[in-house]
Amino acid sequence: MSGEVAVLGIDPGRRWTAGVLRAGERALHGWTIGPVDVAGRPSAAAVDNVHDLAAWARYMGRLIDVVEATVQAHQVAGGRPVRLACEVVVPPGGRIALADWLIPRQIVAGLLAFDPTVMLIAPGGHGKRHYDRDGAGRLVRARPVTADYPPEFWPAKGQSGGRPAGWGPCEARRGERDHERAAYDIAGAALAQLGTAAAMTL
């Protein structure tokens, strides 16, 4: 592990943000966390009011804490320094709740303030590699995640896969894993960019 470059991919969201630490094709660690209310209890609605900057600060503080803990644990285990990568949030066209894009966009800005070297990854269907697409590129149906993702993202059936017990929290309401799959793909896109950059310097 010590010789491998690792990337912590982050998928920012209004209600849930996920991170997955990836080296090569391996998912080493992951988590999904959300905002909290003034008492510190998880609350998906805590950042619905985009003018409540204290609520966003609580959310961002939690994210920075879990990012730092993930990076530190990897390095204590003998891993190399970790690069951070985050999906870029672009204001969408059409009608959408302001908080749905503004809160994730603020998360990207907060991560850049924390680490100006964060790799910014363009949106690209992250977390949906197991979907088929039609001629126009629209998602039409999903295949089992086992076709496109490592065992850490498979449904927990028997001993064939499932979310590792040692991973961080998954606070998504129904235990959804889509944000973690997206974070894994974001880390993969960053690793590909790093590999391309390294090849160009040879």
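This is a predicted model: local features need pLDDT of at least 70, side-chain atom pairs count only at pLDDT 80 or more; totals for chains, interfaces and linings use all residues.

Me: How far from arginine 181 is the nearest side chain of opposite charge, and which residue carries it?
Reply: Arginine 181 is found in helix H3, which covers residues 178-200. A salt bridge requires a separation within 4 Å, and buried arginine 181 has none. The nearest side chain of opposite charge is 5.5 Å away and belongs to aspartate 178.

Me: Which residues does arginine 181 contact beyond its neighbours within four places in sequence?
Reply: The arginine lies in helix H3 and is buried. With neighbours within four places in sequence left aside, the contacts of arginine 181 are Gly127, His130, Val145, Tyr149 and Phe153.

Me: Is threonine 32 buried or exposed?
Reply: Threonine 32 belongs to strand S3, residues 26-33. Its relative accessible area is 1%. Buried means under 20%, so threonine 32 is classed as buried.

Me: Which side chain makes a polar contact with that of threonine 32?
Reply: Leaving aside neighbours within four places in sequence, threonine 32 is in contact with several residues, among them Trp16, Arg163, Cys170 and Glu180. A polar contact of 2.8 Å joins the side chain of threonine 32 to that of glutamate 180.

Me: How far apart are the end C-alpha atoms of helix H2?
Reply: Helix H2 has 17 residues, 98-114. At 1.5 Å a residue, the helix should span 24 Å. The model agrees with this expectation, because the end C-alpha atoms are 24 Å apart.

Me: Which strands and which helix are included in what covers the buried residues of H2?
Reply: The buried residues of H2 include Leu102, Ile103, Ile107 and Leu111. The cover over the buried residues includes strands S1, S2, S4 and S5, together with helix H1.

Me: How far apart in space are glycine 79 and glutamate 4?
Reply: Glycine 79 is placed in the loop between H1 and S4. With a relative accessibility of 13%, glycine 79 counts as buried. Glycine 79 and glutamate 4 are 75 residues apart in sequence, while their C-alpha to C-alpha distance is 7.5 Å.

Definitions and conventions. Residues are numbered from 1 along each chain as its sequence is written. Side-chain values use heavy atoms; hydrogens and water are left out. Helices (H or I, at least four residues) and strands (E, at least two) are DSSP runs, numbered from the N terminus. Buried means under 20% relative accessible area, exposed over 50%, partly exposed in between (1.4 Å probe, protein chains only). Lys and Arg count as positive and Asp and Glu as negative; His and the chain ends are not counted. Contact means heavy atoms within 4.5 Å. A polar contact is a pair of N or O atoms within 3.5 Å; within protein, one must be able to donate a hydrogen and the other to accept it, and residues adjacent in sequence count only if both atoms are side-chain atoms. The expected span of a helix is 1.5 Å times one less than its number of residues.
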